[in-house]
Structure formats: structure tokens, C-alpha cells
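Please look at the sequence and the structure below before reading on.

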Amino acid sequence: MKWFFALIIAVSLPVFGQTANDYFHGSAQSYIDSKLDDAIAKVQRGLEIEPDNPKLQALLTKLKEQKEQQQQQQQQQQNQQNQQDQNQDQQNQQNQDQQQKEQQDQQQNQEDQQQQDEEKEQEQQQKPEDMKEQQNPEDQQQQQPLQPNQISKEDAERILQALRAKEKENQKLKKIPMIGKKKVEKDW
């Protein structure tokens, strides 16, 4: 009978309350499951039962150190993320500045090109006037305005040359000799 009561007491002890050792093991399991705050809470409940337990005190110290390291890592990651964001912002700003500069350069190039075109146009307009001044009075008399149905002598010569070239080409095509007779097969 004594054994029976001892067995009932031994079995009922964990049901009615946990020991400091139970809190130690529960805290260790929470740490393994990556639940650091839960692990610290379990160790502190165990220390309420046995404040002088060296295992719980050592575990609490280690868990708090781990939590500080975790917070430092999070802070470093946050700082790195902020630094990356700043670098990205700087890169974006540089890209925008470069695009603006390219646009300004393009606009400047267009303006320069337009100015050069205008200068060329003015030069071309001035050249015929200069040429007229340089021509002899005899040449000016020879260049009389043409009638609407007339063409200049130079244009007529160019047309004649083109016609002669085309005629020679046509004659060459006609002179291609036939080599041998072609056999025609009857397909009936």
C-alpha cells in the first residue's frame, strides 16, 4: 500500500505544478523552435519557483545575450537596407541627371544643326547672286529666261545621252545569238 501512495504522489506532482527542471527543458525546446521570447518567459517562471537555480540563471543569461545579438543583427540589416535604399536613390538621381543632360545635349545638337542648315541655306541663296555678279555681261545675255514649253541646252543634251545609252542597251539584247535548236516535246 505504501508503494501505491508513493506512485500516486510521484505521478500527480507534475500534474499539479512544474518543477524548475521542467521550465528549463520547456525553455530549451522553445529556443530550438526559434521562439526566443517564449523561452525567456519560461525561464523567468522557473526562476519564480526556484530563484537560486544555477541552470535557469545561466540559461536566462544566454537567452538574453542571444536576444541582444538578434536585435543587433536586425539593426544591422535595417541599416544595410537603409544604405541600399539611399544608394538606389542616388543611382536613380544620377540616372535622371544623365537623362536630362542627354536631352539637353540632343536639344543643343538639334539647335546647332538647325542653325547650320539656316546658314547653308543663306549661303546657297547668296551664291546665285554672287555668280550672277561674276558672270560676263555676254553670258547674262545668253541666259535668257526660257519659255514654258522650252528646255535648256544642257537638259536637252542629258536627255539625248540617256536615250542613246538606252538604245545601245536594247540593241545588245536583240543580238544575243541562239545556240542550237530547242527541242519541243509534244505533251499530248
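## A pair in helix α6

Arginine 158 counts as exposed, at 53% relative accessibility. Here buried stands for under 20% relative accessible area, exposed for over 50%, and partly exposed for the range in between, with a 1.4 Å probe and protein chains only. The partner of arginine 158 is aspartate 155: their side chains meet in a salt bridge, 3.0 Å from N to O. A salt bridge is a side-chain nitrogen of Lys or Arg within 4 Å of a carboxyl oxygen of Asp or Glu. Aspartate 155 is partly exposed, at 31% relative accessibility.

## The model and its helices

The model is predicted: local features need pLDDT of at least 70, side-chain atom pairs count only at pLDDT 80 or more, and totals for chains, interfaces and linings use all residues. Residues are numbered from 1 along each chain as its sequence is written, and side-chain values use heavy atoms, with hydrogens and water left out.

The protein has six helices and zero strands. From the N terminus on, its elements run α-α-α-α-α-α. Helices (H or I, at least four residues) and strands (E, at least two) are DSSP runs, numbered from the N terminus. Of the 188 residues of the protein, 10% count as buried.

## Other salt bridges

How many salt bridges does the count come to? The count is four. In general, side chains of opposite charge can pair when their charged atoms come close.

One of the salt bridges joins the side chains of lysine 67 and aspartate 37, at 2.1 Å from N to O. Lysine 67 lies in helix α4 and aspartate 37 in helix α3, so this pair ties together parts that are 30 residues apart in sequence. Lysine 67 is partly exposed, with a relative accessible area of 25%.

Another salt bridge is formed by lysine 101 and aspartate 105, whose closest N and O atoms are 3.4 Å apart. These two residues are four apart in helix α4, so about one helical turn lies between them. Aspartate 105 is partly exposed, with a relative accessible area of 36%.

## Two residues in loops

Is asparagine 53 buried or exposed? Asparagine 53 counts as buried, at 13% relative accessibility. Asparagine 53 is in the loop between α3 (36-49) and α4. Its side chain reaches the backbone nitrogen of leucine 56 at 3.3 Å. A polar contact is a pair of N or O atoms within 3.5 Å; within protein, one must be able to donate a hydrogen and the other to accept it, and residues adjacent in sequence count only if both atoms are side-chain atoms.

Serine 34 is in the loop between α2 (20-32) and α3. Serine 34 is exposed, with a relative accessible area of 66%. Although serine 34 is not a glycine, it has a positive phi of about 65°.

## Patches on the surface

A nonpolar patch on the surface is formed by Ile151, Ile159, Leu160 and Leu163, with about 390 Å² of accessible area together. Patches are made of residues with over 30% relative accessible area and no salt bridge; like charges are joined within 9 Å, and nonpolar side chains (Val, Leu, Ile, Met, Phe, Trp, Tyr) within 5 Å. Accessible areas come from the Shrake-Rupley method with a 1.4 Å probe; for residues, only the protein chains shown count as cover. Isoleucine 159 is in helix α6 (residues 153-174), and at 46% relative accessibility it counts as partly exposed.

A patch of negative charge on the surface gathers Asp117, Glu118, Glu119, Glu121 and Glu123. Lys and Arg count as positive and Asp and Glu as negative, while His and the chain ends are not counted. The place of a charge is taken as NZ of Lys, CZ of Arg, CG of Asp or CD of Glu. Glutamate 123 is in helix α4 (residues 54-134) and is partly exposed, with a relative accessible area of 47%.
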